[in-house]
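Please look over the chain and its ligand before reading on. The notes below go through the model topic by topic.

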Amino acid sequence: MADSLKGRTALVTGGSRGIGAAVCRALAEAGATVAINCRERIGQAEQLADEISKRDRRAMAVAADVSQREAVAAMIEQVTAELGAVDILVNNAGIAITRGVEDLTEDDFDRTILTNLKSAFLCTQAVLPAMRARKWGRIVNISSGAARGAGSIGPHYNASKAGMEGLTRGYAARLVKDGITVNAVAPSLIETDMMSGQPQLISRIPLGRFGTADEVAKAVMLLVDNAYMTGQTIALSGGMAFN
Ligand code: NDP
């Protein structure tokens, strides 16, 4: 895929670390110019932008809370001004507030839905006009095995990720005529900060290890590289069955 994305601009929400950072590296490797979003740890995003720039690719770091409409609008404006209109959007930013049913609060629920689901709606709406005008776009939403199974985080997280897959299918059907594909990737247990300190979960995985962020990035790239696949979800579960 070397240089297959030359001339394309990508935006990865939550791209400063974990799965998002691996996706940024893979997109840059394929020739795309990359905007790396984070919420607050701008230092990490800037470090990754430097790393990518050293490999002769353009990259920028942009801090914005993607659950907030004004922040998303400002981010898209800045990215478009500096790198050009967004051709590839990866809605990856997410949080996992682990709670038992008894302890789950309305605030946990709202924050999770805003960050994991509404953010994807806000970012998609913001990039759509330019994608439509160019008759080309790729949107990849990072869902989770928790969209279908219970998992270990809580029902609020399940709801946010099931919503992400509904959003994916809903946009896919409506945007196909504009040359825009919309797909999802649903990882189960991936070794990132989000999963740190939970080695006991490995015993649930038939493959006997967590997945890596690079393995998730490969699935994202498969979708970015394919014009005929839309409205689909690729699962990476290490052999785990959904319950
Ligand atoms: P990490 O916790 O490692 O990284 C999260 C990223 O999201 C960071 O860059 C963080 O920015 C950013 N972020 C969080 N909230 C916001 C916000 N409001 N606005 C902008 N950026 C934000 O997560 P992972 O890499 O593990 O997860 C990435 C995605 O994959 C998530 O959607 C998660 O739900 C999903 N996923 C993860 C799995 C796993 O096992 N790790 C399994 C299945 C799905 P900052 O650094 O500034 O905080």
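**The core and the model**

The largest nonpolar core has 69 residues, and those with the most contacts inside it are Val23, Cys24, Leu27, Val34, Ile36 and Val220. Helix H1 supplies the largest share of this core, eight residues. A nonpolar core here is a set of buried Ala, Val, Leu, Ile, Met, Phe, Trp, Tyr and Cys residues joined through C-beta atoms within 7 Å. A residue is buried if 20 or more other C-beta atoms lie within 10 Å of its own, exposed if 12 or fewer, and partly exposed in between, with C-beta atoms placed from the backbone.

This is a predicted model, in which local features need pLDDT of at least 70, side-chain atom pairs count only at pLDDT 80 or more, and totals for chains, interfaces and linings use all residues. Residues are numbered from 1 along each chain as its sequence is written.

**Confidence**

- The average pLDDT of the chain is 96, and 99% of the residues score at least 70; pLDDT is the predictor's confidence in each residue, from 0 to 100.
- For the complex, the predictor gives an ipTM of 0.99 and a pTM of 0.98.

**Overall fold**

- The chain contains six helices and seven strands. Helices (H or I, at least four residues) and strands (E, at least two) are DSSP runs, numbered from the N terminus.
- Read from the N terminus, the order of elements is β-α-β-α-β-α-β-α-β-α-β-α-β.
- The C-alpha trace spans about 45 × 35 × 35 Å along its principal axes.
- A compact globule of 243 residues would have a radius of gyration near 18 Å, and the 17 Å of the chain agrees with that. The radius is taken over C-alpha atoms, and the globule rule is 2.2 Å times the number of residues to the power 0.38.
- Of the 243 residues in the chain, 45% are buried.
- Among contacts between residues at least 6 apart in sequence, 70% join residues at least 24 apart. Two residues are in contact if their C-beta atoms, placed from the backbone, lie within 7 Å.
- Valine 220, one of the core residues with the most contacts, touches Val23, Ala26, Val90, Val140 and Val185, not counting residues up to four places away in sequence.

**Around the ligand**

- The ligand is surrounded by 33 residues, and the closest are Gly14, Gly18, Gly94, Thr192 and Met194. A residue is near a molecule or strand if its C-beta atom, placed from the backbone, lies within 6 Å of it.
- Helix H1 (18-29), strand E2 (33-38) and helix H4 (106-134) each supply at least two residues of this shell. H1 gives the most, with three residues.
- By type, the shell divides into twelve nonpolar, 15 polar and six charged residues. Ala, Val, Leu, Ile, Met, Phe, Trp, Tyr, Cys and Pro count as nonpolar, Asp, Glu, Lys and Arg as charged, and the others, Gly among them, as polar.

- Serine 144 is in the loop between strand E5 (137-142) and helix H5 (155-175). It counts as buried because it has 27 C-beta neighbours inside 10 Å.
- Leaving aside neighbours within four places in sequence, serine 144 is in contact with Lys161, Ala186 and Pro187. Serine 144 and glutamate 82 are 62 residues apart in sequence and 32 Å apart in space, C-alpha to C-alpha.
- Aspartate 87 sits in the loop between helix H3 (69-83) and strand E4 (88-91). It has 22 other C-beta atoms within 10 Å, so it is buried.
- Not counting residues up to four places away in sequence, aspartate 87 touches Arg8, Thr9, Ala10, Met131, Trp136, Gly137 and Arg138.
- Histidine 156 lies in helix H5 and counts as buried, with 22 C-beta neighbours inside 10 Å.
- Histidine 156 touches Leu104, Asp108, Phe109 and Thr112, not counting residues up to four places away in sequence. The C-alpha atoms of histidine 156 and leucine 104 are separated by 8.2 Å, although the two residues are 52 apart along the chain.

**Two exposed residues with positive phi**

- Aspartate 56 is not a glycine, yet it has a positive phi of about 65 degrees. It is found in the loop between helix H2 (42-53) and strand E3 (59-63).
- Aspartate 56 is exposed because it has 8 other C-beta atoms within 10 Å.
- Lysine 135, also not a glycine, has a positive phi of about 60 degrees. This residue lies in the loop between H4 and E5.
- Lysine 135 has 10 C-beta neighbours inside 10 Å, so it counts as exposed.
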